[in-house]
Amino acid sequence: MNSNEKENTKRAGYAKNRTAGGYSNIIFNFFNYSFFILFTIVCVYPFYYLFINTISSNELVQKGLINFYPRGIHFDNYWNLRQVNDLSNAFLVTLSRTLIGTALTVMSSGLVGYLMTKQQLWHRKFWYRFMVVTMYFNAGLIPGFMNMQLLGLTNNYLVYIIPGIVNVFNIMMVKTYIEAIPSELEESAAMDGASYWTIFVKIIWPLSKPILATIAIWTAVGHWNSFQDSLIYMSAQPKLYTLQHRLYIYLNTSSNLQAMMSNSTTGLSDATRSSLLNVKVIQYTISMVTAIPILLVYPFMQRYFEKGIMLGAVKG
């Protein structure tokens, strides 16, 4: 076999392997894309279902006829939410605790995480291990409530803010991220006379934006969706109920009203029956309102979220 024949045979083999690999890639891509498309639909459809039911005819929604597209489109349900007692106040409480709590948590996580990277910190290993231990041991609900009561934080707005300022997991993430930053940056700044605070503010903080943005997303979602602390610590302060707590109360109330309607033997007034007919719609609308802010914020923070997770999880 001469050189030309060998070359032709080799090319034919390459072409055959390329064709076989091409078919394999096509099949793999088909099933891969199909799976993720179906997975995306499964994740998105509940929000889509809620939304189309909030803007469709209330009568059709009550009959369960709205499944894939809206019918009788209107936005009165969102406008009528202003009639729900204390909903606007609960929204302001939740918004304020989300903004303040997230800002303080991010600041403390960044500062404490930076301090934990300094070998000069007094008893650094002890404080770090002490913090880590708190991730695995918890006093429980009753001792926690008694502690908050002794500190005067029950029925106090500060109970939403103070307990969550220091989060050990966030501190560990920031510490790992900062340790991946070249130490030469700090050394050069220190040689120029910069203090620890100056180095942190002008060098470490700007370079840590991805991991800090990640922590901000986690914290904001936690504050926005939280209702257990409101349920436990705000028994005597209904004005400080969070939006999720108000939704929880309303869902329970509407369920009780529906049970009363179905079990009543004497019947209810026409006005009561009319309001009960819209209970499902109002539940959907309030649920959508509580989810919309996070759905709007997350896409703008996603690129920082992905970068922070990847870089903060690997130590350089």
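Reply: Axes are lines fitted to C-alpha atoms, for helices over the stretch in contact, and angles between N-to-C directions run from 0 to 180 degrees. Helices are DSSP runs (H or I, at least four residues) numbered from the N terminus. The model is predicted, so local features need pLDDT of at least 70 and side-chain atom pairs pLDDT 80 or more, while totals for chains, interfaces and linings use all residues. Residues are numbered from 1 along each chain as its sequence is written, and side-chain values use heavy atoms, without hydrogens and water.

Me: How is helix 8 oriented relative to helix 9?

Reply: Helix 8 (residues 183–191) packs on helix 9 (residues 196–207) at about 160°, and their axes are 11 Å apart. Angles under 35 degrees count as roughly parallel, over 145 as roughly antiparallel, 65 to 115 as roughly perpendicular and the rest as oblique. Helix 8 is therefore, relative to helix 9, roughly antiparallel.

Me: What classes of residue make up the contact of helix 8 with helix 9?

Reply: With contact taken as heavy atoms within 4.5 Å, helix 8 contributes Leu185, Glu186, Ala189 and Ala190, and helix 9 contributes Ile199, Ile203, Ile204 and Leu207. Ala, Val, Leu, Ile, Met, Phe, Trp, Tyr, Cys and Pro count as nonpolar, Asp, Glu, Lys and Arg as charged, and the others, Gly among them, as polar. By class, the contact of helix 8 with helix 9 has 7 nonpolar, no polar and 1 charged residues.

Me: Which helices do the buried residues of helix 9 pack against?

Reply: Ile199, Phe200, Ile203 and Ile204 of helix 9 are buried (under 20% relative accessible area; exposed is over 50%, partly exposed in between). These residues lie on the same side of helix 9, because they cover an arc of only 130° around the axis. Trp197 and Lys202 are exposed on the face turned away from that side. The buried residues of helix 9 pack against helix 4 (87–115), helix 7 (168–179) and helix 8.

Me: How many nonpolar residues does the contact of helix 4 with helix 9 have?

Reply: Helix 4 and helix 9 pack at an angle of about 115°, their axes being 11 Å apart. Val106, Met107, Gly110, Leu111 and Tyr114 of helix 4 meet Tyr196, Trp197, Ile199, Phe200, Ile204 and Trp205 of helix 9. Beside 1 polar and no charged residues, the number of nonpolar residues in this contact is 10.

Me: What is the orientation of helix 5 and helix 7 to each other?

Reply: The angle between helix 5 (residues 124–133) and helix 7 is about 135°, with the axes 9 Å apart. In helix 5, Arg124, Tyr128, Met131 and Val132 meet Val168, Ile171, Met172, Lys175 and Glu179 in helix 7; this contact divides into 6 nonpolar, no polar and 3 charged residues. The two helices are therefore oblique.

Me: Is histidine 245 buried or exposed?

Reply: Histidine 245 is placed in helix 12 (residues 243–263). Leaving aside neighbours within four places in sequence, histidine 245 is in contact with Phe227, Ser230 and Leu231. Its relative accessibility is 3%, so histidine 245 counts as buried.

Me: What is the relative accessible area of asparagine 155?

Reply: Asparagine 155 is in the loop between helix 6 (141–150) and helix 7. Its phi is near 55°, a positive value in a residue other than glycine. Asparagine 155 is partly exposed, because its relative accessible area is 27%.

Conventions
Buried < 20%, exposed > 50% of the residue type's maximum accessible area, 1.4 Å probe, protein only. Arc of directions from axis to C-beta.
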